Amino acid sequence: MTRLLDEIDVLDTSGDPSVVDVSGVEHDSRRVRPGDLFCCLVGRAHDGHDHAAQAVGMGAVGLLCEHAVGRLPRPVVRVTIRAGEGRPAMGRVAAAFWGHPAAGLLMAGVTGTNGKTTVTSLIGAVLEQAGHPTTVIGTLTGARTTPESTDLQRRLAAVRDAHLRGGHDGVARPAVAMEVTSHALVQARVDTIRFDVAAFTNLTQDHLDFHGTMEEYFAAKARLFEPDRAAAAVVDADDPWGERLVRRARVPTVAVRADQVAVRALEAGRSVFTWRGRDVELPLTGLVNVRNAHLAAETAVVLGVPEDAVVAGLSSASPVPGRLERMDTA
């Protein structure tokens with residue numbers, strides 16, 4: 001356990017972490033397995049410290065706490081950190097336990113109010129076309145659009161390890177295209193990841209029950225575009241909030257605008273447009289998906305995908321379930 005604790009600021013420790021072997025990091029007491037370090041998160045409605053005894057009863061060998069816990073069924077190592085640091089600390093510990101898997105992957109993160117699912121799917125199709133085994137993480141792949149850090153690090157490690165087990169020497173680096181929500185950014189779910197590129201779709205009124213104001217909502221999204229979280233950015237600059245991101249950019253940023261592509265045809269299940277002098281036939285419906293494809297294309301170029309492979313990948317993409325799907329009614 002000592003190796004994991006080196007990643008965080010510890011206020012106090014009860015028990016000897018040097019003699020404890022941790023076999024997992026978990027935040028949900030219902031899923032604890034023997035050998036886990038259980039992270040007691042303080043949420044808006046529930047406090048994980050109230051479930052510490054249950055976690056220990058299920059085999060947890062340690063607790064990461066922000067405050068005291070009640071009586072436990074047996075002695076375990078208890079590590080206390082500052083109040084409010086539960087999620088950031090958990091993210092760092094989980095990343096360390098799994099060996100910082102994102103560092104070995106090609107990482108693309110997409111944020112914004114609308115379009116995240118389609119853009120990540122299109123990026124995934126393009127990266128696959130370019131030879132990168134690609135995993136898409138988002139609304140359609142789990143209970144949370146952006147998984148909690150424990151689940152996310154476990155999944156990234158699985159992607160990395162599957163590639164290593166396959167002995168794919170000489171094969172392009174495995175990639176992950178993932179949706180990054182404002183909640184995830186505020187709750188430190190992706191704090192330990194530095195994306196190779198971050199993309200921004202747009203910002204419209206949403207989630208104000210959580211953020212309070214549009215300025216706070218924007219500030220949450222903007223965290224993804226800081227140098228410690230992204231090496232580069234691709235931003236829809238026709239969106240006024242996107243234009244603000246471009247103006248304040250602290251990483252190399254590509255500004256995407258509608259007048260950079262020429263729309264040739266818009267039909268049910270088919271859109272044709274010209275991008276960088278190349279005709280793209282997209283099997284998706286509507287102008288909104290032309291814009292999504294344009295953002296995905298520029299994101300892929302920043303990741304090093306040749307333009308011909310971008311065109312081929314967009315043309316081979318499948319319609320995204322629940323997003324302007326064509327339905328036969330005859």
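The backbone oxygen of His132 lies 2.7 Å from a polar atom of the side chain of Thr134, a polar contact in the sense of a pair of N or O atoms within 3.5 Å, where one atom must be able to donate a hydrogen and the other to accept it, and where residues adjacent in sequence count only if both atoms are side-chain atoms. This comes from a predicted model, in which local features need pLDDT of at least 70 and side-chain atom pairs count only at pLDDT 80 or more, while totals for chains, interfaces and linings use all residues. Residues are numbered from 1 along each chain as its sequence is written, and side-chain values use heavy atoms, with hydrogens and water left out.

Thr134 itself lies in strand β7, residues 134–137; strands (E, at least two residues) and helices (H or I, at least four) are DSSP runs, numbered from the N terminus. With a relative accessible area of 16%, Thr134 is buried, a word that stands for under 20%, whereas exposed stands for over 50% and partly exposed for what is in between, using a 1.4 Å probe and protein chains only. When residues up to four places away in sequence are not counted, Thr134 touches Gly124, Leu127, Glu128, Ala175 and Ala177, contact being heavy atoms within 4.5 Å.

We can now turn to a sheet. Five strands form an open sheet of mixed pairing in the order β1-β5-β4-β3-β2, and two strands pair if DSSP finds at least two bridges between them. Its edge strands, each pairing on one side only, are β1 (12–14) and β2 (24–26). Neighbouring strands of this sheet are turned by 15 degrees against each other on average, direction ignored. Strands of a sheet pair through backbone hydrogen bonds, either parallel or antiparallel. Here β1 and β5 (residues 77–80) run antiparallel and are joined by three bridges, and Ser14 has Arg78 in β5 as its bridge partner. Across β2, β3 (36–39) and β4 (62–65) lies helix α3 (residues 86–97), which runs at about 155 degrees to β2; axes are lines fitted to C-alpha atoms, for helices over the stretch in contact, and angles run from 0 to 180 degrees between N-to-C directions.

Another helix, α2 (residues 52–57), holds Val56, which is buried with a relative accessible area of 1%. Apart from its neighbours within four places in sequence, Val56 is in contact with Leu63, Leu72, Pro73, Arg74 and Val76.

Finally, consider two loop residues. Most residues other than glycine have a negative phi. Ala188, in the loop between α6 (182–186) and β9 (197–200), has a positive phi near 65 degrees and is buried, with a relative accessible area of 5%. Arg276, in the loop between β13 (270–275) and β14 (278–282), also has a positive phi, near 50 degrees, but Arg276 is partly exposed, with a relative accessible area of 39%.
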